[in-house]
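Please look over the chain shown here before reading on. The paragraphs after it walk through a few of its local features.

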Amino acid sequence: MPLNLILAHDPRSSACDLLLERVARAVGGPTVLDDVGSLEAAWVALDRARRAPGGALVLACLDLAPAPRAGATVAEWARSLKLPVVAVTRGARWLPVNRAGLSLISTLSPAADQAEVDRVVQALLGADLHETFDPPPESFPGRPSWV
């Protein structure tokens, strides 16, 4: 089964696209890209991914509008659903400081070299994600009302 690679980003920006090839290489097997460009689409993709037999890896780019809040929200959603997630940002200063779950999330720069991407991705894919940030679903900021 291929790994579902969810890329939540601003579709008008190519910043996070730079990381895709290195992440696919780090995974070391087949991947299926799920490219999402809004909070609503991200929620649907995450909900589908948590039930997918091949697993998933989420790249939550902080350029997703409204930046950086939306990318941080996607990262928290993924983490609470116990999916491996990487916040893609050019620096930790872009992570909202008042969000408790973000301290548990790995980060990568879009310009990260292959060795760093390998280290982060392999650690995430091998991690036990059951003892992590787990807010109740009603607490998700920006959660679509139709869910």
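Predicted model: local features only at pLDDT ≥ 70, side-chain atom pairs only at ≥ 80, totals over all residues.

Residues are numbered from 1 along each chain as its sequence is written, and side-chain values use heavy atoms, with hydrogens and water left out.

Start with Val23, which sits in helix α1, residues 17-27. Helices (H or I, at least four residues) and strands (E, at least two) are DSSP runs, numbered from the N terminus. Val23 has a relative accessible area of 0% and is therefore buried. Buried means under 20% relative accessible area, exposed means over 50%, and partly exposed lies in between, using a 1.4 Å probe and protein chains only. Which residues does Val23 contact, once its neighbours within four places in sequence are left aside? They are Leu5, Leu57, Leu59, Val117 and Val121, where contact means heavy atoms within 4.5 Å. For one of these, Leu57, the C-alpha to C-alpha distance from Val23 is 9.5 Å, and the two residues are 34 apart in sequence.

Next comes the cysteine pairing. A disulfide is a pair of cysteine sulfur atoms within 2.5 Å, and by this rule the count comes to one. The bond runs between Cys16 and Cys61, with an S to S distance of 2.2 Å. It links distant parts of the chain, 45 residues apart: Cys16 belongs to the loop between β1 (3-8) and α1, and Cys61 to strand β3 (residues 56-61). Both ends can be checked for accessibility. Cys16 counts as buried because its relative accessibility is 5%. Cys61 has a relative accessible area of 0%, so Cys61 is buried.

Now move to the loop between β3 and α3 (69-80), where Pro66 lies. The peptide bond leading from Ala65 into Pro66 is cis, with omega near -5°. Pro68 is also placed in the loop between β3 and α3. The bond from Ala67 to Pro68 is cis, with omega near -10°.

The last stop is Lys82, in the loop between α3 and β4 (85-88).
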